[in-house]
Amino acid sequence: MCFVLLLYGFYSKISNNQKISNNDVLNFSLNLKSSENIKDIKIIDQNNLLIVIPFSILILIGLIMISSASIFIAEANYNDPFFYISRQFIFVSMGLLAMVFFLIIPSNFLLKIDWLLIHISILLLVLLFVPDIGTSVNGSIRWIRVGSIGIQPSEICKFSLIIYISGYCLRRTSELHSLRNFLKPLALLSIISLLILSQPDLGSTAIICLVVVAILFYAGISFFQFSLLTILIAMLGYAAITSSPMRIARMMAYTDPFDPDVVLGSGYQLANSLISIGQGGFFGLGLGNSFQKNFFLPEAHTDFIFAVLVEELGVIGGIFLIAAYVVLFIGMLNVALLCMKLKRVFQGLVCFGTTILFASQTLFNLSVNIGLLPTKGLTLPFISYGGTSIIIMMSLVAIVLRINNENKLS
């Protein structure tokens, strides 16, 4: 994590001394003379700290908890207790390289290639259903295997949609209220949602819909359009749940996971998650001392890693984790608000969409772990095991940091 801090410091040094035109230097020096712009620069530096510090803490906690939560299943499946944590170190290293890339390139470059990103995402989603390319795990076709590495197109799609919808809203800022321009992004969202829902992956579909609707609302669609869109998505969600026996079973288990008829079936994951959290108490059983990760709690190193964290570190550890998330979200939201103040609409929408993505996925995962929502296949950002997820999310953090530092020259 020290490397992350050094990387950020090195980038800030470069960004503050990069070559710009004489006119830019003159304008920037004149702006510095106003107290308002001096205040903005202080806010930018504060936002950097609000993002980098909790981000580094979350990455560190994630590595520690994956090492603890996966040790038994890794030993059983691969005869190597450090199989998952060693791979996660590789994924985080790849994420750091991705961060270097996105810290270097200007944010406007993403605006120029947003159409390419969304086409690549749709192509990857389609390839999932091509025989011998898409890989089925636990009944879901969510990964494309490249050697020993699995690529999850739905995670890439989250990244691409944030960039594309933000760019679309910039290009159609004054026309979003027209029916034609309002329906275009919805048609795209419908195609992508159908592809992801067919995997099946209702959790990722819900997150993507939420992020797109939030960006459109922040960009200026009317309250009527927002309400209509919300009702439509709710109806489609209801139809998706009631049309699947598996999802209906999960809803029944959600209402009472300890019911004798469901506790060993659809309610097994939630029941063991609640047992894990209950055993932790306020101060936990100690790092590495979880009982439930020993083949009782399924997906202990991915979807239900928060339950293991609370069992080992207690409610205090869970509160600390949530506090780190809150600080990160505040820092990113501050960047979004400053961008809009500086009339950098695309950058502001990207930061806002990233904040909504992280916040909603975190809230969904925590709610599933404590029984406030039915079980879904959503990972906990920066904490759960997963290659595509951690690389994409680290890339988004780097983009927000890049945008924040670009605000100094705006």
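Q: What share of the contacts in the chain with a separation of 6 or more comes from residues 24 or more positions apart?
A: That share is 73%, where contact means heavy atoms within 4.5 Å. This is a predicted model, where local features need pLDDT of at least 70, side-chain atom pairs count only at pLDDT 80 or more, and totals for chains, interfaces and linings use all residues. Residues are numbered from 1 along each chain as its sequence is written, and side-chain values use heavy atoms, leaving out hydrogens and water.

Q: OK, how many helices and strands does the chain have?
A: There are 16 helices and three strands. Both are DSSP runs numbered from the N terminus: H or I with at least four residues for helices, E with at least two for strands.

Q: And how much of the chain is buried?
A: Buried residues are 50% of the 410. Buried means under 20% relative accessible area, exposed means over 50%, and partly exposed is in between, using a 1.4 Å probe and protein chains only.

Q: Which residues touch the most other members of the largest nonpolar core?
A: L161, L321, F358 and F382, in a core of 105 residues. Such a core is a set of buried Ala, Val, Leu, Ile, Met, Phe, Trp, Tyr and Cys residues joined through side-chain atoms within 4.5 Å. Helix 14 (residues 305–341) gives the largest share, 15 residues.

Q: What does L321 touch, not counting residues up to four places away in sequence?
A: L58, I61, F306, L309, L380 and I383.

Q: Is F382 buried or exposed?
A: F382 is buried, at 3% relative accessible area.

Q: Now N79: what's its phi near?
A: Near 55°, which is also positive in a non-glycine residue. N79 sits in the loop between helix 4 (71–78) and helix 5 (83–104), and with a relative accessible area of 62% it counts as exposed.

Q: Switching to packing. How do the axes of helix 8 and helix 16 cross?
A: The axes of helix 8 (residues 153–171) and helix 16 (residues 387–406) come within 8 Å and cross at roughly 20°, so helix 8 is roughly parallel to helix 16. Axes are lines fitted to C-alpha atoms, for helices over the stretch in contact, with angles from 0 to 180 degrees between N-to-C directions. Under 35 degrees counts as roughly parallel, over 145 as roughly antiparallel, 65 to 115 as roughly perpendicular, and the rest as oblique.

Q: Which residues in helix 8 meet helix 16?
A: E155, I156, F159 and I162, and they meet T388, S389, I392, M393, S395, L396 and I399 in helix 16. By class, that contact has seven nonpolar, three polar and one charged residues. Here Ala, Val, Leu, Ile, Met, Phe, Trp, Tyr, Cys and Pro count as nonpolar, Asp, Glu, Lys and Arg as charged, and the others, Gly among them, as polar.

Q: What about the axes of helix 10 and helix 15?
A: Helix 10 (residues 202–219) and helix 15 (residues 345–369) have axes within 9 Å, crossing at roughly 145°. The residues in this contact divide into 13 nonpolar, four polar and no charged.

Q: Last one: what does S193 touch, not counting residues up to four places away in sequence?
A: S193 touches T205 and C209. S193 lies in helix 9 (residues 179–197) and, at 11% relative accessibility, counts as buried.
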